[in-house]
Every structure is written in structure tokens, then in C-alpha cells.
Amino acid sequence: MKKGYFGIFGGAYIPEILHETFRRLTLAYEQARQDPNFWQEYLDLMENYSGRPTPLTFAENLSAHFGHKVYIKREDLNQTGAHKANNVMGQGLLVRRMGKKRVIAETGAGQHGVATATMAARMGLECVIYMGAKDVERQRPNVFWMQQLGATVVPVTSGSCILKDAINEALRDWVGSMDDTHYVLGTACGAHPFPEMVSWFQSIIGIEARQQILKQAGRLPHRVYACVGGGSNAMGIFQGFLDDPQVDFIGVEAGGEGIASGRHASRLASNAGRLGIAHGYRTLFLQDDDGQMRETHSVAAGLDYVGVSPILAHLHNIGRVRFASASDQEVVAALKILMQKEGLIGALESTHAVARAFAEMPHMPKDSVIIINLSGRGDKDIFTIADALGDPGWRTFILDKAHQYQKS
Amino acid sequence: MHAATPSLLETCIRNSPDPILLMSHLVLGYPSLEENRKVMDAMVAAGVPIIELQIPFSEPIADGPVIARANQESLANGFRVETGLNFIAESVQRYPIPIIIMTYTNILMAQGFDPFIQRAAAMGVRGLIVPDLPLEEAGDAIQSCQTHGNNQLDWIRLFTPTTPDSRLELLGQGASGLVYCVARRGVTGRHTEFDPQVMAFINRCRSATRTPLALGFGVRSREDVQSLRGKVEIAVVGTAAIEIHLSRGAEAVGSFFAGLR
């Protein structure tokens, strides 16, 4: 198979001007991967900066409720509250090796932007984050934090003003700045070596989860659930069990307002994704007959993306990963249960995995062992969640606050 | 490999008596196909000898803000690839100059690489520029150009300042028609200083291929074009013409081009 390909997916479809940059990045990545000291340095950094290993929490009340053994992998406990930290800290170490002084990144919900900004602060790098103008509006708290951390946030007003357009804008920066700049891509997508490299850094999730489940449950799980936007948290946890054919993987995409409505971001479960090439790689994209990318929709900004990791597209093709979707409504309902039964505030993205597990558990043989990857925490979603729940107290609070600002 | 006899595009470039040729760039459907037609009339009347027509794509990663916005607005106005291809076919008939298609890989892929290229060849298009399909991935597309093009449809390669000499040579060996030289890092539209660095880059390009060179990215004024005389066969003017069209209309584009040489 050609380098950087996973079945028919992957590759490096990049402008000629970036060819040399990718050649050098691939080389740096391959050298790091062969150097055991690099991985040890990464583990040490993640242990004392990001609190790893993250726990695998036995969800006692959910287990009793569903009649199964439900375990939750707590990526929400990472530095900045999501699995994104695993990727950015790894790439940060690589940036150090390559001697670059500036990092750029795209962000949708803002989680990857905040994570990149913390990494840049810690490693003393200049940092510019590209974010769709619509997302800047929807995710002000994350914009605030990125700026406080010293990053420059550039609102992107081209295209549909969302994540995919932020990727395009970051690439436009990079074709001019590659000499001193590294592009910290946030997920297991894009041109080779990004899908493979990001998955490698995220594999820390699955490596830990496998040891933890064997210790706690005394056996491998029957099923592992993870939400899939670009696919990095799913790749992270699935890799821990890829060589165990008895473990089933379920990737959960954003069902939005329902697959039939057309307003969703489900590329695989909906069968709507068509083979295409964009953003530097070949995968299944939500696109029209002309090859133009479609608008996507999800209550969770981090899942609102037209493409999907080429590695996951391949694992889907060969039947190793099953794909399903959860609608906005199902996700909000599941989040309520998760909070009230286990005291966990999951991110809306991550709660897609929770919602699908809830939907499937009643149909599984009793006492099945299940792992759900809780890829991030939901504090950042307080505005969206409060709206979805129609919380009157929150509404009054915001109105009062606005009133105070108006007076001052 | 290098064609035994030069292609139609290359012959047309080599036979021109002008010391430097201008290649212009239009985004189809922006602001409308009717306006595209008016601008092309004006360009051809002003002596522009090669025109590059861009089929819009929703993810134009290699384009700067002006052309990216043109892509987006054309699509927002309902541009369809089929209409665009018909417009290109008419343009080839209407103007006595070579027409080149520029677009992104996914547009070809949606139609099928081979059917797209076969159709472009049948229409009489003289070249294809696809900036996100690097040489390593372009094998089949180049093959299709040779199969259907009969030495009349060139797969146009790109040279950039970050391309090492060894790779320039690899790209240059199989080049035909013209080679598109990207004058500097960054995207289209910003101004380029045509300083000794650019001239050194042009010399590297010249050593790597016998195919005519077209230099683009940031060519905006008569002065720019003059400084390229005798250095490259073609100067590519894209963003500047789109800006003039928007601010001063189609006729102004004609006098702009007439004043460049």
C-alpha cells in the first residue's frame, strides 16, 4: 500500500509549495516515532502537565440502571478538559525538535484552539488560531481564554464561516509561513502524516484503557463507544483494542436534526458521504454532485465537519468499526441522565457516544462490559446546554448581566 | 515524458512575436457568466493571448482572499459545473486563443478524472492546472491528458520557491505546454517584490526545464511586467484584474491589460 494510505483513503493532496514542508515533517515524525526517548518524554509531560493517566470510571448507577457494566474513560479530566491536550502536547514536542517558533491551528468549538494556546504558552511559541466567524460568535468563552493565554484569534469570514473554512485559512497562512511555523492540525484528518501522527499521540487513551479495563473488569470490553467528528478521540481509544477481534467499536456521528432532515454531520452512518479529495486528503465527504462541500449541522460544534479520518473511513469499509448517529435531541436527553446519575458533565460532542450507548444497551445481553470514551467536559457548552434545557434561571442571569454591562 | 513535438499551447507561445505574453485569470460565475463574457471580450480585444478559467470550488486552499471570495460568491449565486463547462466550450469556439482550466482535484473527481479530462480535450481546452493534485498523485490524470489530448491538452506543472533543485528537475522533465512558476510563498493576490530573489528563482526554473515559464502570484502593474521581460515567456495577472473588474467594470479590464505591456 502507498505510504499514508489506509485502503483507498488518505494520501497527501497538497499544493507544491508545501511539498518540502511535509517531507520534513514526515521525517521528524518518523524519527520521533522510532525514538523511545521521545515517547517517554511525552508520557512524562502528560503525567505531570495533564494529569495522565486519566481514570477509567466504573459508572455504578448507570450500570445498575441498564443491567450492564459501564465504564467511562475520563478524557474530560485532561488539561483544558478534553483529549485535545494529548495531540497538541505531542505536536508541541515535535515542534521543539524541528526548531520552529510559531504555531497555527484551526478550531471549531474552540477546544483545540484553547489546547494549542496552552501548549504554545508552556513551550514559549507564538500562536495564531483560525476560527470561523460563526464559531467565534457561538463560543465566546473559548475565544476569551485563547486570548488570555496569549494567542491571536483570527475570525474567518470566508466560505460558511465554520471549521472547514478555518482549516482553509490556516493552510493559507502555512503556505506563506512554513519556514518558521508548524500547523498543529487538531484531528486525525488532513494530508499524511497528520492522520497517522495525531492517532499516534491519541493512542495513549487506548493503551491506558486496555490496562485499566483488564484490571477492573478482569476482561476485555464487549463494546467501545466514541464520538466521531474528525475522529481523533475514537482513533485514540479504538487503537488500544484493534488487535482484539472480539471487541466491537461504535463510532457515533452527529445526527443533528435527524438524518432525514439533511441537517446533520453524519458521513458514514447516513451513507451520505461520497469519496472526495479536499483539505489535503481523500475520504468520504458530505458533498453535492458537483463536488462542492455541503453545510453540516450539529448542536456540538466539534462534530460539525464535512470529512472524517481516512483511517476510520477504512476501518468502516472493512467492517471493523460500526457507525451510528445520535440526534441533537437524544444528546441533550442523555446528558441530563449522565449528570444526574453519575455527576459527570460531558461535552456535547462526547455525549453523542453516551447517547448511542444508552440507545443500544437495552438490546445487549445482560452484564455486557462497555467502555464509553468521554472525550471532553461540558463546561464550555453552558450557553448551548442552558438554551437546550430552556433553563429559566440561566436566562434571567444573562439578562441581568447584559443589563449591568449596558449601564456601565 | 517530454513530447517529441511541442504541444499546441507551447507552439502558440513560442511563435508569438511579443517579448512577454500575458495570461489572465477569471473565476467562472463571478460576478456572473455574462460579466465573465464581457471581460473576456475586453481581454482578447486588448491582446491577452492566454486565458485561465477557474471552475469554483468550496474549499479553494491555494487561493488568496480575493479569489477565494470570488469562488464562494459564484457558488452562492448557484454556479453549477455543467453550466461552467458549457461556457468554457463556447469560449474555446469564440476566441482564437488558448483557454486553460484551473480548478481543484475534487471537481475533477466528482465527474471522474478520465471523463472530465476527455471532455476538456474534446472541447479544445489547451491546459489543466490543478494546484492540489501533486505529481505523486497525478499519474492517472497526466495519462488521461496524453490519451485524450493527442498533444493538444497539457497537464500544467507548478514550480515554487520552496521546491528543491532536484524536485524542480523531476517536475521539469515531464513538463509540457508551460510551467506555472509561483513567485513567492503565500497565496495569490498579495504584491510581490520582483527582486533578485525572484530572479534567482526564475534562473533555477529555467535550468530545470526547456518548457516556457509563466510567472504568477502578485503580478499587478506595468512595472512588474516590464521587470519580467526577457526573463519569462508569460506573466500571469489574476487578482489585480478581478479587483479592477469589480471596481471599474469590464471595459476598464481591457485598458488595464493594454497598458501592462
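In chain A, 74% of the contacts with a separation of 6 or more link residues 24 or more positions apart. This is a predicted model, so take what follows as a tour of computed geometry.

**Overall build of chain A**

- Chain A carries 15 helices and 14 strands.
- Its radius of gyration comes out at 20 Å, close to the 22 Å that the globule rule gives for 408 residues, so chain A is as compact as a globular protein of that length.
- Of the 408 residues in chain A, 58% are buried.

**The largest nonpolar core**

- As a bit of background, nonpolar side chains tend to be buried together in soluble globular proteins.
- Here the largest nonpolar core has 216 residues, and the members that touch the most others are B:Cys181, B:Ala214 and B:Ile234.
- The top contributor to this core is helix α9 of chain A (residues 194-217), which puts in nine residues.
- Domain 1 (5-47 + 83-194) and domain 2 (52-81 + 203-388) of chain A both supply residues, so the core lies between them.
- Leaving aside residues up to four places away in sequence, B:Cys181 touches B:Phe159, B:Ile202, B:Cys205, B:Leu213, B:Ala214, B:Leu215 and B:Val232.

**A nine-stranded sheet in chain B**

- Nine strands of chain B make an open sheet with parallel pairing, running β5-β4-β3-β2-β1-β9-β8-β7-β6.
- At the edges sit β5 (154-155) and β6 (157-159) of chain B, each pairing on one side only.
- Inside that order, β3 (residues 99-102) and β4 (residues 127-129) of chain B pair in the parallel sense over three bridges.
- One bridge to look up: B:Met102 has B:Ile129 in β4(B) as its partner.

**Where the chains touch**

- The contact draws 25 residues from chain A and 31 residues from chain B.
- On the chain A side, the elements giving two or more residues are α1 (19-34), α8 (163-177) and β11 (274-278).
- Helix α8(A) provides the largest share of that side, six residues.
- By type, the chain A side splits into nine nonpolar, 10 polar and six charged residues.

Conventions. Residues numbered from 1 in each chain as written. Chains lettered and ligands numbered in written order. Predicted model: local features only at pLDDT ≥ 70, side-chain atom pairs only at ≥ 80, totals over all residues. Core = buried A, V, L, I, M, F, W, Y, C linked by C-beta atoms within 7 Å. Buried ≥ 20, exposed ≤ 12 C-beta atoms within 10 Å, placed from the backbone. Helix = DSSP H or I, 4+ residues; strand = E, 2+ residues; numbered from the N terminus. Domains from an automatic or database assignment. Contact = placed C-beta atoms within 7 Å. Nonpolar A, V, L, I, M, F, W, Y, C, P; charged D, E, K, R; others polar. Rg over C-alpha atoms; globule rule 2.2 N^0.38 Å. Pairing = 2+ DSSP bridges.
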